[in-house]
Amino acid sequence: MPCGTIRGDALTFGIDNAEASLTTQSISSTNKSDKKEARDNCGIVVAVAYYNETTEITLEGLGTGISTAIGESITLSGSYDEAGTTFVDEITVDLANEEFAKVSVKMTSYSGI
């Protein structure tokens, strides 16, 4: 469901879907790959190869309802389109006496799996 009415330029506003059974507050992703450089006899880079593409994803939300454990695969609902299989790397739960329970989930999506 859209998070409001946007006037003007078509920009993304809000998060369309709740993720991992949490009231999603933010989701971010970083696309990465390994890199290998080939150098000539003077040390100048003459070729470069990028391989092993991954995406690091961080999800922050309210609640404690996430049922996926570390090392298990997870499918996101739509705020981020995964290009491969995504695995949970880390789950952090924050509790405070005057705050809602907060969960942070760090994941890695592997394009080759």
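Guide: Let's begin with a term: helices (H or I, at least four residues) and strands (E, at least two) are DSSP runs, numbered from the N terminus. This is a predicted model, where local features need pLDDT of at least 70 and side-chain atom pairs count only at pLDDT 80 or more, while totals for chains, interfaces and linings use all residues. Residues are numbered from 1 along each chain as its sequence is written, and side-chain values use heavy atoms, with hydrogens and water left out.

Visitor: Okay, which strand holds Ser104?

Guide: Ser104 sits in strand β5, residues 102–110.

Visitor: And is Ser104 buried or exposed?

Guide: Here's how to read that: buried means under 20% relative accessible area, exposed means over 50%, and partly exposed is in between (1.4 Å probe, protein chains only). Ser104 has a relative accessible area of 14%, so it is buried.

Visitor: What does Ser104 touch?

Guide: A contact means heavy atoms within 4.5 Å. Leaving out residues up to four places away in sequence, Ser104 touches Thr58, Leu59, Glu60, Glu90, Ile91 and Thr92.

Visitor: Which residues make up the largest nonpolar core?

Guide: The general idea is that in soluble globular proteins, nonpolar side chains tend to be buried together. A nonpolar core is a set of buried Ala, Val, Leu, Ile, Met, Phe, Trp, Tyr and Cys residues joined through side-chain atoms within 4.5 Å. Here the largest one has eleven residues: Ala20, Leu22, Ile57, Leu59, Ile66, Ile74, Leu76, Val88, Val103, Val105 and Met107. Strands β2 and β5 are the elements that give two or more residues to this core, and β5 gives the most, with three.

Visitor: How many aromatic pairs are there?

Guide: One. A pair of aromatic rings is described by the distance of the centres and the angle of the planes. Rings of Phe, Tyr and Trp (its six-membered ring) pair if their centres lie within 6.5 Å; planes under 30 degrees apart count as stacked, over 60 as edge-to-face and the rest as tilted. The ring centres of Phe87 and Tyr110 are 6.1 Å apart with planes at 55 degrees, so this pair is tilted. Phe87 lies in strand β4 (residues 85–94) and Tyr110 in strand β5, so the pair ties together parts 23 residues apart in sequence. Phe87 is partly exposed at 22% relative accessible area, and Tyr110 is partly exposed at 29%.

Visitor: How many salt bridges does the count come to?

Guide: Side chains of opposite charge can pair when their charged atoms come close. The rule asks for a side-chain nitrogen of Lys or Arg within 4 Å of a carboxyl oxygen of Asp or Glu, and the count comes to five. In one of them, Lys106 pairs with Glu90, with the closest N and O atoms 4.0 Å apart. Lys106 lies in strand β5 and Glu90 in strand β4, so this pair ties together parts 16 residues apart in sequence. Lys106 counts as partly exposed, at 38% relative accessibility, and so does Glu90, at 35%. Salt bridges that share partners also join Lys35, Glu37 and Arg39 into one network. Within it, the closest N and O atoms of Arg39 and Glu37 are 2.8 Å apart. Arg39 is exposed at 52% relative accessible area, whereas Glu37 is partly exposed at 33%.

Visitor: Last one: is Tyr50 buried or exposed?

Guide: Tyr50, in strand β2 (residues 45–62), counts as exposed, with 57% relative accessibility.
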